[in-house]
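Open the structure in your viewer and keep the selection tool at hand. This tour goes from stop to stop.

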Amino acid sequence: MLFPDYRPRRMRQNAAFRRLVRETQLQVDDLILPLFAVEGKDVKNAIPSMPGHFQLSVNHLVETAREAHGLGIPAVILFGIPARKDPMGTQAYAKDGIVQRAVRAIKSKVPDLAVITDVCLCEYTDHGHCGVVQGHIIDNDLSLDLLAQTALSHAKAGADMVAPSDMMDGRVTEIRNVLDEANLSHVPIMSYAAKYCSAFYGPFREAAGSAPQFGDRSTYQMDPANAQEAIREVSMDVEEGADIVMVKPALPYLDILCRIKQEFDLPVAAYNVSGEYAMIKAAAEKGWIDGPRVMMETLTSIKRAGADMILTYFALEAAQVLNNR
Ligand code: PBG
């Protein structure tokens with residue numbers, strides 16, 4: 001493979017050749033669209049740091065779900081913004097909570113679109129932490145039952161898959177057991193297995209009103225400096241019964257994604273998070289980068305690193321690009 005015998009440029013000289021040798025194909029099939037479900041009638045609140053995204057009441061969620069389905073996107077993931085918050089996050093597992101109602105509405109109107117639900121307490125607790133707070137400690141074991149009840153209520157409402165994002169130890173086992181006991185053994189768990197304590201979640205916390213009221217999430221989310229530990233986190237969730245494991249965020253953690261894909265024989269999801277989206281949108285708005293091209297390059301790089309599916313706020317836009325080529 002030496003010049004002049006080997007000339008890599010030969011296979012790059014036209015679009016047809018480039019298509020033939022392209023190693024990574026980003027597809028609409030890979031995309032999962034995150035949506036924010038808010039209480040109220042006919043509400044559509046723009047999220048300033050996430051242009052093109054809104055807090056949506058149930059009627060608008062159904063509309064957007066229809067649009068996603070129409071573009072060929074296989075799934076959405078729902079986050080809830082409850083009307084009231086309390087220390088135990090009771091709206092997270094309330095039968096008529098916002099996510100539970102949104103799931104029922106979307107499943108009745110757009111049945112073929114898979115609805116995944118984010119399972120966590122931070123959007124529902126007044127302190128904004130992902131688990132139960134005792135003093136200033138986030139109590140792991142006390143949180144497990146509430147998380148499992150949340151997953152159970154989502155599944156009972158018709159969620160096709162549940163996705164715990166809390167990072168409490170042992171929650172996958174707890175959720176699996178509770179689902180199985182309720183005859184919901186067919187409901188898969190997508191676990192946020194390697195979830196880092198990241199500043200890239202900033203815009204999401206504005207969107208969901210879920211910033212912690214004291215301290216940060218560093219006692220339960222992973223240290224950004226750790227890679228080996230991600231392997232242990234993922235093996236634990238695999239052992240506990242996760243069906244899909246997730247790496248989050250995506251772009252600053254492509255090394256982790258690549259290793260997880262190589263070491264485990266399970267589908268791997270990557271979460272292209274709110275801050276990753278906001279940066280591209282902001283730079284594109286300023287005219288500093290070509291937004292659509294950076295979007296496609298970013299999503300392709302996440303797929304190339306090993307993601308079988310990508311949760312991304314670009315899902316609708318990327319699907320449009322993919323469908324038009
Ligand atoms: C809830 C949750 C968060 C995100 C997904 N689920 C926020 C957090 O952990 O603080 C972040 C998603 C994003 O930034 O797009 N725990």
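This is a predicted model: local features need pLDDT of at least 70, side-chain atom pairs count only at pLDDT 80 or more; totals for chains, interfaces and linings use all residues.

Residues are numbered from 1 along each chain as its sequence is written, and side-chain values use heavy atoms, with hydrogens and water left out.

**Stop 1: the ligand**

Select the ligand. Now look for polar contacts (pairs of N or O atoms within 3.5 Å). Tyr-313 has a polar side-chain atom 2.6 Å from a ligand oxygen. In Ser-274, a side-chain N or O atom is 2.7 Å from an oxygen atom of the ligand. Ser-165 places a polar side-chain atom 3.3 Å from a ligand nitrogen.

**Stop 2: the rings**

Stay with aromatic side chains. The structure holds 9 aromatic pairs. Rings of Phe, Tyr and Trp (its six-membered ring) pair if their centres lie within 6.5 Å; planes under 30 degrees apart are stacked, over 60 edge-to-face, and the rest tilted. Select Tyr-192 and Tyr-271, a tilted pair with 6.2 Å between centres and 40 degrees between planes. Tyr-192 is in strand 9 (residues 190-195) and Tyr-271 in strand 11 (residues 268-272), 79 residues apart. Helices (H or I, at least four residues) and strands (E, at least two) are DSSP runs, numbered from the N terminus. Both tyrosines are buried, that is, under 20% relative accessible area; exposed means over 50%, and partly exposed lies in between (1.4 Å probe, protein chains only).

Next, select Tyr-277 and Tyr-313. Their ring centres are 5.8 Å apart and their planes meet at 55 degrees, so this pair is tilted too. Both residues are buried. Which residues do ring pairs link into a cluster? They are Phe-36, Phe-79, Tyr-192, Phe-204, Tyr-271, Tyr-277, Tyr-313 and Phe-314.

**Stop 3: a charge over a ring**

Go to Lys-248. Its charged end sits over the ring of Tyr-201, 4.4 Å from the centre. The test is NZ of Lys or CZ of Arg within 6 Å of the ring centre and within 35 degrees of the ring normal. Then find Lys-44, which lies over the face of Phe-54 at 4.7 Å from the ring centre.

**Stop 4: the core**

Select the largest nonpolar core, with 116 residues. Such a core is a set of buried Ala, Val, Leu, Ile, Met, Phe, Trp, Tyr and Cys residues joined through side-chain atoms within 4.5 Å. Phe-36, Ile-106, Leu-179, Met-190, Leu-257 and Ile-260 touch the most other members. Helix 4 (residues 140-157) gives the most to this core, with 8 residues.

**Stop 5: the backbone**

Return to Lys-248. A cis peptide bond joins Lys-248 to Pro-249, with omega about -10 degrees. Pro-249 is in the loop between strand 10 (244-248) and helix 8 (254-263). Phe-3 to Pro-4 is also cis, with omega near 10 degrees.

Most residues other than glycine have a negative phi, and most peptide bonds are trans. Asp-42 has a positive phi, near 55 degrees. Is Asp-42 buried or exposed? It is exposed, with a relative accessible area of 54%. End at Met-167, where phi is positive at about 70 degrees. Met-167 is buried, with a relative accessible area of 3%.

Definitions and conventions: A polar contact is a pair of N or O atoms within 3.5 Å; within protein, one must be able to donate a hydrogen and the other to accept it, and residues adjacent in sequence count only if both atoms are side-chain atoms.
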